[in-house]
Amino acid sequence: MMARIGSAGQAARAVPPAIEVSHLTKVFGGRTAVSEVSFSVASGEAFGFLGPNGAGKTTTVRILATLISPTAGSAVVAGIPVGPDGAAEIRQRIAVMPESPGLYQRLTVAENLEYFARLHGLPRPRERITEALAAVGIADRAHDLAGKLSKGLRQRAALARSLLSEPAVMFLDEPTSGLDPVATREVHELIAGLRERGVTVFLTTHRLEEAERLCDRVAIMSTSLRTIGRPEDLRAELFAASLDVTVASALPEPGQVFGGLPAVQGWKAAGRPGGGPAGYVVTVTDPARAAPAVTRALVAAGADVLSIARSRHTLEDVYLELVDGTEGSPR
Amino acid sequence: MSATIARTGAVVRKELAELRRNRLIVVTAVMLPVIFLIGPTVTILRIKASALSATLDQRVDYALFMPLMVAVLVPAVMSAYSVVGEREQGTLEPVLTTPVGRAELLTGKAVAVFLPAAVLGYLVFGVFVAITQLAAAAPVAAAVRHAPQLPAALLFIPLLAAWAVWAGLAISTRVSDTRVAQQLAVLGSLPPVLLAALMSFQVISATFALAAALAGALLAVDCGACLVVARLFDRERLITGTRPSRRITEKEN
């Protein structure tokens with residue numbers, strides 16, 4: 001899928017962590033954008049950074065990319081402390097793909113990349129450009145003006161630009177923002193390719209399914225860090241195990257059916273008012289033990305069972321549980 | 001050092017390539033010199049051989065001063081766009097995440113504006129002098145040829161252009177709107193021009209020493225301007241539009 005264009009990312013894998021953030025805080029005037037955020041990202045990890053608008057995601061990325069300075073706290077990126085002495089060296093080892101591709105519209109794709117290759121001081125820039133464009137599948141568009149490209153192709157060109165310097169850490173800020181589903185899938189494949197190459201990927205996104213699909217771990221921000229972990233662990237942490245039960249019609253006495261069953265802690269009706277099928281969410285301690293008992297109880301009560309399945313909580317459920325109501329808080 | 005030259009050269013090449021591709025900018029950048037060429041040339045060509053010495057001197061003063069404006073207005077407007085324009089286009093942030101230093105970026109941008117401005121300035125003067133020598137009445141042509149402003153103009157074209165470039169860049173790093181930047185840059189480029197105008201029109205007695213002192217002062221300012229503008233160029237302010245914290249930016253390269 002993605003052509004291999006270098007090994008810097010793999011080399012960096014031997015030096016964990018790629019990013020270490022400690023009590024990072026950023027205040028703009030009297031407005032706190034990021035408050036006491038601490039986390040670390042291992043080399044080669046794909047890390048999702050989630051949060052509502054104004055949660056401080058972009059501010060955090062900009063601090064880590066040495067574009068802005070923190071008000072308090074510290075960070076280490078690619079083994080170099082973020083600060084006045086290490087800023088230039090960090091910029092040698094990272095790549096940032098902002099939400100807007102930021103291409104020069106009147107230059108061709110190749111000219112855009114050549115400019116950045118020379119700013120990075122890369123040897124053999126022409127070869128690197130050819131390889132980077134091939135890696136993102138737009139080698140045949142090298143001589144097209146950037147301003148004539150579709151949004152998806154611009155994103156690819158921006159990604160190719162980010163690949164040029166074989167960064168150890170790549171920051172991707174909303175890389176699929178505004179893309180159609182096909183272009184989104186293509187960008188996902190490219191990001192998955194980065195992971196395979198061992199590049200540390202720091203992905204800022206609103207798209208929870210994107211983070212769930214692409215990231216080893218996610219952090220959920222809302223000015224401060226709300227939680228961090230693998231998506232499945234966060235689900236387990238936040239939501240009790242439960243069974244989704246659907247029967248042909250509402251049970252006359254659901255408390256009597258579900259009460260006292262082994263491994264069952266409680267139940268609640270789950271929508272579908274009216275005369276059609278009825279749903280119940282049964283909270284359990286052990287789904288494997290509870291499911292047969294619930295089935296038997298329903299059958300014994302004369303219910304027509306349509307389905308019994310273990311409840312699946314998405315990352316979106318986790319996200320909404322943690323940040324619901326904070327949308328629009330200061331960035 | 002070679003890396004610095006390479007990065008600065010990359011900025012120059014990119015800026016010039018963008019300039020070449022933007023026909024509107026090229027056309028408008030050429031229109032201004034044409035206007036500043038036509039006026040003085042017509043003025044000189046209309047002077048009769050029998051004109052009084054005072055009238056001749058006055059019109060030659062005017063004719064030799066006006067083309068100087070080309071060397072100021074063109075670079076002021078273009079350099080005023082160069083940072084704030086990139087910010088508005090969204091191309092500045094990716095550039096600032098590369099290892100390019102502030103001085104490298106600004107010097108590259110300055111050179112890319114200075115070169116065409118200086119070339120245009122000399123071209124306008126060259127064409128003006130050539131036309132007057134070929135088509136003006138003999139005493140008028142001689143007056144132009146022997147005017148002290150002629151060698152002075154050759155010296156002041158690059159100095160004034162460099163001043164205008166740095167004034168424009170300084171303003172471009174601190175304002176958030178291209179139109180405001182361009183208006184302020186034109187205003188900011190005027191002080192040395194006003195001084196030159198006072199000398200050209202002999203409001204101030206234009207001695208060699210005064211002209212040399214002004215040229216020396218301009219040269220010193222032009223040489224030191226890169227450092228001053230580099231200090232004004234702040235990544236955090238440019239990216240966020242807010243006053244930066246000093247922890248990183250003070251020693252940032």
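# Notebook: chain A, chain B and their contacts

**Entry 1. Where the chains meet.** I began with the contact between the two chains: 31 residues of chain A are in contact with 33 residues of chain B. I note at once that the model is a predicted one. I then asked which elements of chain A give two or more residues to the side that touches chain B. They are helix H3 (87-93) and helix H4 (109-119) of chain A. H4(A) gives the largest share of that side, 5 residues. I also sorted the residues on this side of chain A by class and recorded 15 nonpolar, 10 polar and 6 charged.

**Entry 2. Chain A as a whole.** I looked up the inventory of chain A and found 12 helices and 14 strands. Its C-alpha trace spans about 75 × 45 × 35 Å along the principal axes. Chain A has 331 residues, and buried residues make up 47% of them. I then turned to the contacts in chain A between residues at least 6 apart in sequence. Of these, 72% join residues at least 24 apart.

**Entry 3. The sheet of four strands.** In chain A I traced an open sheet of 4 strands, ordered S2-S1-S4-S5, in which the pairing is antiparallel.

I followed the pairs one by one.

- S1(A) and S2(A) are joined in the antiparallel sense over 7 bridges; Leu24(A) has Val37(A) in S2(A) as its bridge partner.
- Strand S1 (residues 19-28) and strand S4 (residues 72-77) of chain A are antiparallel too, over 5 bridges; here Ser74(A) in S4(A) is the bridge partner of Ser22(A).
- S4(A) and strand S5 (residues 80-81) of chain A run antiparallel and are joined by 2 bridges; Val76(A) is partnered by Pro81(A) in S5(A).

The hairpin of S4(A) and S5(A) has 2 residues between the strands, and in it Ala78(A) takes a positive phi near 55°. I also checked which helix lies across S1, S2 and S4 of chain A. It is helix H2 (residues 57-64) of chain A, which runs at about 115° to S1(A).

**Entry 4. The sheet of six strands.** A further open sheet in chain A is formed by 6 strands in the order S6-S7-S8-S3-S9-S10, and its pairing is mixed. I identified its edge strands as S6 (94-97) and S10 (224-229) of chain A, each of which pairs on one side only. On average, neighbouring strands of this sheet are turned by 15° against each other, direction ignored.

I looked at one pair in detail. Strand S9 (residues 217-222) of chain A pairs with S10(A) in the antiparallel sense over 5 bridges. Ala219(A) stands opposite Ile228(A), which is in S10(A).

Two helices of chain A were looked up against these strands. Helix H7 (residues 181-196) of chain A lies across strands S3 (46-50), S7 (169-173) and S8 (200-205) of chain A, and runs at about 150° to S8(A). Helix H12 (residues 315-323) of chain A lies across S3, S9 and S10 of chain A, and its angle to S9(A) is about 30°.

**Entry 5. Nonpolar cores.** The largest nonpolar core here has 155 residues. Which of its residues touch the most other members? They are Phe171(A), Phe202(A), Leu203(A), Leu68(B), Leu160(B) and Ala161(B). Helix H8 (residues 149-172) of chain B contributes the largest share of this core, 16 residues.

I listed the contacts of Ala161(B), leaving aside its neighbours within four places in sequence. Ala161(B) is in contact with Ala71(B), Val72(B), Pro75(B), Phe114(B), Ala117(B), Ala118(B) and Gly121(B). Another core, of 16 residues, lies apart from the largest one and has Val247(A), Val264(A), Val294(A) and Leu298(A) among its members.

**Entry 6. One residue of chain B.** Lastly I located Glu88(B) in helix H4 (residues 68-89) of chain B. Why does Glu88(B) count as partly exposed? The reason is that Glu88(B) has 13 C-beta neighbours inside 10 Å, whereas a residue is exposed with 12 or fewer and buried with 20 or more. Glu88(B) and Asp177(B) are 89 residues apart along the chain, and their C-alpha atoms are separated by 8.0 Å.

Notes
Residues numbered from 1 in each chain as written. Chains lettered and ligands numbered in written order. Predicted model: local features only at pLDDT ≥ 70, side-chain atom pairs only at ≥ 80, totals over all residues. Pairing = 2+ DSSP bridges. Axes fitted to C-alpha atoms, helices over the stretch in contact; angles between N-to-C directions. Contact = placed C-beta atoms within 7 Å. Nonpolar A, V, L, I, M, F, W, Y, C, P; charged D, E, K, R; others polar. Core = buried A, V, L, I, M, F, W, Y, C linked by C-beta atoms within 7 Å.
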